[in-house]
Amino acid sequence: MTALAAQPQASLRLGVDLGGTKTEAVVLDADGAERWRHRIATPKQTAESICDAIAGLVADAEAAVAGRCSVGIGTPGSLSPHSGLLRGSNTVVLNGKPVRQMLEQRLGREVRIANDANCFALSEAVDGAGRGAKTVFGAILGTGVGAGVVIDGKVLEGLHGIGGEWGHNPLPWPEGDELPVALGGRANVCYCGKPGCIETWLSGTGIQAHFGDGSIHSADIVTRAAAGDVASESYLRRVEDRMARAFATIINVLDPDVIVLGGGVSNIERFYASVPPLLPKYVFSEYVATRFVRNVHGDSSGVRGAAWLW
């Protein structure tokens, strides 16, 4: 990695995307251009080892760009405003730990930490698919469902730090076979313990689970439908209606300018044409002009959004 000319501190933003298997860091300049990027395996042993690894990334980055950076961290889960401890992270050794304080002690500066879905939404709002919009709703439909809300360029974290937790609400206007009682037993129970969460229907794993015996990947269902398979086409139309119902509640409450999709499900091209025409059936308005679009930055949205926390 080649060192670059020194820049004023305020123009250098370092973002860290802390994942369960990998941790990635990027340095952005004032224009959002990448000045440095590096990825390492996430240590598994302790919270201390993870914080040490992040501190090492920051040191390497600042040596490479010859300047001191602001530091933002994106992570699954969130900091509790009540206790200051991390909760809900899939890197379980971090749960219950004062991660921000631990990092600030190592780095000697203030550190900002946000949920990874909030970072995704912020990245797309600043210089991605939602650029120039007042209100952006960013939804990650992947293994799970996460979301973030950005208003006037600021993440809406909320009183309890759970702003955007759209995936842990029930599927709106459920049809008979979508009701928890119709699913039987503990079928379709989310990891949060409640049945019928949006996550269990619209995540990539959820889309797969409700088709046939659950063994066919969601991308393969799309391929089958395109080849003329009637059952696959019929099922995807139900998915699209579920998606319209779920996003209609967001429009009814937040009325965002744009909804940006991320995660593996965002790669299913047909949704961008098929879902918007279904929205007027559920949105409390005589017309719907909300843009429904794919992300611009892809897998880089999380780490870029972490940098944009400053």
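I will go through the overall build of this protein and then its nonpolar cores.

Please keep in mind that what we have here is a predicted model. The protein's secondary structure amounts to 10 helices and 12 strands, and the C-alpha atoms fill a box of roughly 60 × 40 × 40 Å along the principal axes.

Among contacts with a separation of 6 or more, 64% are between residues 24 or more positions apart. As for charge, the mean positions of the 28 positive and 32 negative charges lie 3 Å apart.

The largest nonpolar core has 37 residues, and the members that touch the most others are Phe137, Trp166, Met243 and Phe247. Elements giving two or more residues to this core include the strands β8 (135-141), β9 (145-151) and β11 (258-262), as well as the helices α5 (198-202) and α7 (218-226), but it is α8 that gives the most, with 10 residues.

What does tryptophan 166 contact, once its neighbours within four places in sequence are left aside? Its partners include Phe137, Ala139 and Leu141, then Val145 and Ala147, then Ile198 and Leu202, and also Ala246, Phe247, Thr249 and Ile250.

Finally, there is a second, separate core of 29 residues, and among its members are Leu14, Leu18, Ala25 and Met102.

How values were computed: Residues numbered from 1 in each chain as written. Predicted model: local features only at pLDDT ≥ 70, side-chain atom pairs only at ≥ 80, totals over all residues. Heavy atoms only, no water. Helix = DSSP H or I, 4+ residues; strand = E, 2+ residues; numbered from the N terminus. Contact = heavy atoms within 4.5 Å. Lys, Arg positive; Asp, Glu negative; His and termini not counted. Charge placed at Lys NZ, Arg CZ, Asp CG, Glu CD. Core = buried A, V, L, I, M, F, W, Y, C linked by side-chain atoms within 4.5 Å. Buried < 20%, exposed > 50% of the residue type's maximum accessible area, 1.4 Å probe, protein only.
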